[in-house]
Amino acid sequence: MHELFSPALIMVIAALAIGLARGHLRSAIVLLAPLLTLWAIWQVPDGVQDTVRFLSYDIEPVEGSPLRRLFATIFALMAFVGGLFAFRLSRWYELAAAFFYAAGAIGVSFAGDLISLFIYWELMALFSTVVVWCGGTPAARAAGIRYAILHLLGGVVLKVGIEGVVVSTGSVQITPMLANDFSSWMILCGILINAAAPPLSAWLADAYPESSPTGSVFLSAFTTKTAVLALILLFPGEPVLIGVGLFMVIYGIIYALLENDIRRILAYSVVNQVGFMVCAVGIGTQLAINGAAAHAFAHIVYKALLFMSAGVVIYRTGRNRCTELGGLFRTMPLTTVCCIIGALSISSFPLTSGFTTKSLISQAAANQELVWVYMLLTAASAGVFLHAGIKFPWFVFFQKDSGLRPKDAPWNMALAMVVFSAICLLLGVFPEWLYQFLPYQMDYVAYTPGKVIFYLQLLLFSGLAFFLLLPLMRRTETLSLDVDWLWRRALPALLHWLGTVFAPLLAGSKHLSDGGKRTAARLAEEYLGQPETADSEENAVFARSWTIGTTALWIAILLAAYVLIYYILPA
Amino acid sequence: MTEEPKEHWLVRPETIRKLWWGFSVVLALTVIAQLAIYVKGYFVVDGWFGFGAVYGFASCVLMVLFAKALGVVLKRPNDYYKESEGDDDA
């Protein structure tokens, strides 16, 4: 294969072909293209494949490494199983957008330089927005616009950082750095926005639950996990990330506990799980990085599985709130079992993939003697069982009898859930299958009797707490305010207030006398110019072009004023 | 397992009572097992007898109460944002 041909391009071609093909041919493309991509991913050898000169920068579109292949593998696998889940229900443009989105994620995985990374990053932002819009409701449209604004903003912040780094180092290479100057902080912030880190975390829980039942499966996988990969590549061992990660872990649990919308519960638990990974990147040891990578891999599988089970429920019942659901286990046994497997995995129950991957992170914290980090992560593990492990399946499938008797999942959705359930269990029972592909060699035993007993105590007593506190957790027909309140409520209110303040001024201008109007028009003409004369010789004051001498004079005056103020004001 | 005329076996009171008993036995066993199995503590306290059980239970109670308290401040009706944004669908 050509050295410059990123496996991501297969997904791009497939996404384009999905739009052109019809019927069985389209289904075949949806199902085969990710497998072909998977094959191509494993053909990429280690190291930079080739370099192209572009605007005097060395662009490296494809760089292989065990870490990059691991992330690309799970993204391609996700595209395959997600495609299997979605291909009969989704409209073609949702599938095409999801494939472009996956292409962006795989492209980021192999990007050897910051410019390629940025391009694929923005590809993800664009097409994930389309996936949100495919929810089709006015709420989805509005959430999609908010989502796009935040991600484009994040992209600008990232770009500012990249420009700064390129100017100061002269290189676009992706190399580990620490957040110690403006540019590296900007890069870190740009990545953290995509990781749903505070303070702009609300986009995730705002947008994902508004997408279609199939769209949220794709959305749960790519954006936050490419951010984790970017953090591993650029900021391993950055201490700020430990605090950020711990905040995300706790924030996700608390908000998920308050939530009534079933997919919003899962959305908050994405933030919670990504918090574990961000914290691991902050710890930064080889074991911690292995933990972050392994946990990202396992997380994509079980979180997609949980979103699939939620998607099936919404598809079959048309309802998405805990208060409207319950008792579905009677007629949806397969979905119930798959959901429970996903829920046990996210809670890192022994014999599931969560246990064998999350324990790496806790172990890394313990090895570095980070008492508080270890203790908080352990408490959070208990909390995950509480909010996602029991709460989610309990309120959807058990709880009360809602009277709903929906059919179980259609065959393709059922097959997708069974495949991911099997992966959850296999990685839990045979963790070395995943461990061998991790970036660093490690000597780690996943199962020791003591560790299993400790986690069983921790998790089962969390379960006891759940059932004893059940009266306190009665679901209410409410939503919870998050930081998105600032731009959904406070900002419009501020603009409205400004409008009411300035309205009298505008209204007053109507009552000017004829003379006043003439004076106003003359002043406007003198300073702003007439629209048709804006470029002509008789330009108004503000529209005139100035000689360089005048400009220099003004700069000198401003500079003098600045220096004067600088000396007058106390330092 | 026809559920229409009769309640599903899983939701009958006697089943739920049995489940509680079984669950309690399992809980007790996980703690008792620590007598036989050494649990390595990284920071002294986490090796104490039954630490996992107490810590898991206590942190969950704390988190639920904290969320409950926060809910008083943060919870709003479902249509809170609709009036300002003009959404007509949930």
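# Report on Chains A and B

Ser56(A) lies in the loop of chain A that runs between strand β2 (52–54) and strand β3 (57–59). The model in which this residue is described is a predicted one.

## Backbone features in the loops of chain A

The phi angle of Ser56(A) is near 70 degrees, which is a positive value in a residue other than glycine. Is Ser56(A) buried or exposed? Ser56(A) counts as exposed, because its relative accessibility of 53% is over the 50% limit.

A positive phi is also found at Ser348(A), where the angle is about 55 degrees although the residue is not a glycine. Ser348(A) belongs to the loop between helix α14 (333–346) and helix α15 (353–367) of chain A. With a relative accessible area of 2%, Ser348(A) falls under the 20% limit and is therefore buried.

Another backbone feature concerns a peptide bond. Which two residues of chain A are joined by a cis peptide bond? They are Pro198(A) and Pro199(A), and omega of this bond is about 0 degrees. Pro199(A) is placed in the loop between α7 (182–194) and α8 (202–207) of chain A.

## Residues and their surroundings in chain A

Phe385(A) sits in helix α16 (residues 371–397) of chain A. With residues up to four places away in sequence left out, the contacts of Phe385(A) are Leu344(A), Ser347(A), Phe349(A), Ile390(A), Lys391(A), Leu459(A), Ser462(A) and Gly463(A). The C-alpha atoms of Phe385(A) and Asp206(A) are 23 Å apart, and the two residues are 179 places apart in sequence.

Arg91(A) is located in the loop between α3 (66–86) and α4 (92–110) of chain A. Arg91(A) and Pro504(A) are separated by 413 residues in sequence and by 50 Å in space, C-alpha to C-alpha.

The table lists the accessibility of these residues.

| Residue | Relative accessibility | Class |
|---|---|---|
| Ser56(A) | 53% | exposed |
| Ser348(A) | 2% | buried |
| Phe385(A) | 7% | buried |
| Arg91(A) | 52% | exposed |

## Packing of helices

Two packed helices are described by the angle between their axes and the distance between the axes. Within chain A, helix α13 (residues 286–317) packs with α14(A) at an angle of about 145 degrees, and the axes are 9 Å apart. The crossing of this pair is left-handed. On the side of α13(A), the contact involves Tyr302(A), Lys303(A), Leu305(A), Leu306(A), Ser309(A) and Val312(A); on the side of α14(A), it involves Thr335(A), Cys338(A), Cys339(A), Gly342(A), Ala343(A), Ser345(A) and Ile346(A). Eight of these residues are nonpolar, four are polar and one is charged.

Where do helices of chains A and B pack together? Helix α19 (residues 449–468) of chain A packs with helix α1 (residues 13–36) of chain B, at an angle of about 145 degrees and with axes 9 Å apart. The crossing of α19(A) and α1(B) is left-handed. From α19(A), the residues in contact are Ile453(A), Leu456(A), Gln457(A), Leu460(A), Phe461(A), Gly463(A), Leu464(A) and Phe467(A); from α1(B), they are Trp20(B), Phe23(B), Val26(B), Leu27(B), Thr30(B), Val31(B), Ala33(B) and Gln34(B). This contact has twelve nonpolar and four polar residues, and no charged ones. Gly463(A), one of the residues meeting α1(B), is also among those touched by Phe385(A).

## Chain B as a whole

Chain B contains three helices and one strand, which follow the order α-α-β-α from the N terminus. Of its 90 residues, 29% are buried. Chain B has an accessible surface of about 6000 Å², and carbon and sulfur atoms account for 70% of this surface. The chain is divided into domain 1 (1–37) and domain 2 (40–74). The centres of these two domains of chain B, taken over C-alpha atoms, are separated by 24 Å.

Conventions
Residues are numbered from 1 along each chain as its sequence is written. Chains are lettered from A and ligands numbered from 1 in the order in which they are written. This is a predicted model: local features need pLDDT of at least 70, side-chain atom pairs count only at pLDDT 80 or more; totals for chains, interfaces and linings use all residues. Side-chain values use heavy atoms; hydrogens and water are left out. Helices (H or I, at least four residues) and strands (E, at least two) are DSSP runs, numbered from the N terminus. Buried means under 20% relative accessible area, exposed over 50%, partly exposed in between (1.4 Å probe, protein chains only). Accessible areas come from the Shrake-Rupley method with a 1.4 Å probe; for residues, only the protein chains shown count as cover. Domain bounds come from an automatic or database domain assignment. Axes are lines fitted to C-alpha atoms, for helices over the stretch in contact, and angles run from 0 to 180 degrees between N-to-C directions. A crossing is left-handed if the near helix is turned anticlockwise from the far one by less than a right angle, and right-handed if clockwise. Contact means heavy atoms within 4.5 Å. Ala, Val, Leu, Ile, Met, Phe, Trp, Tyr, Cys and Pro count as nonpolar, Asp, Glu, Lys and Arg as charged, and the others, Gly among them, as polar.
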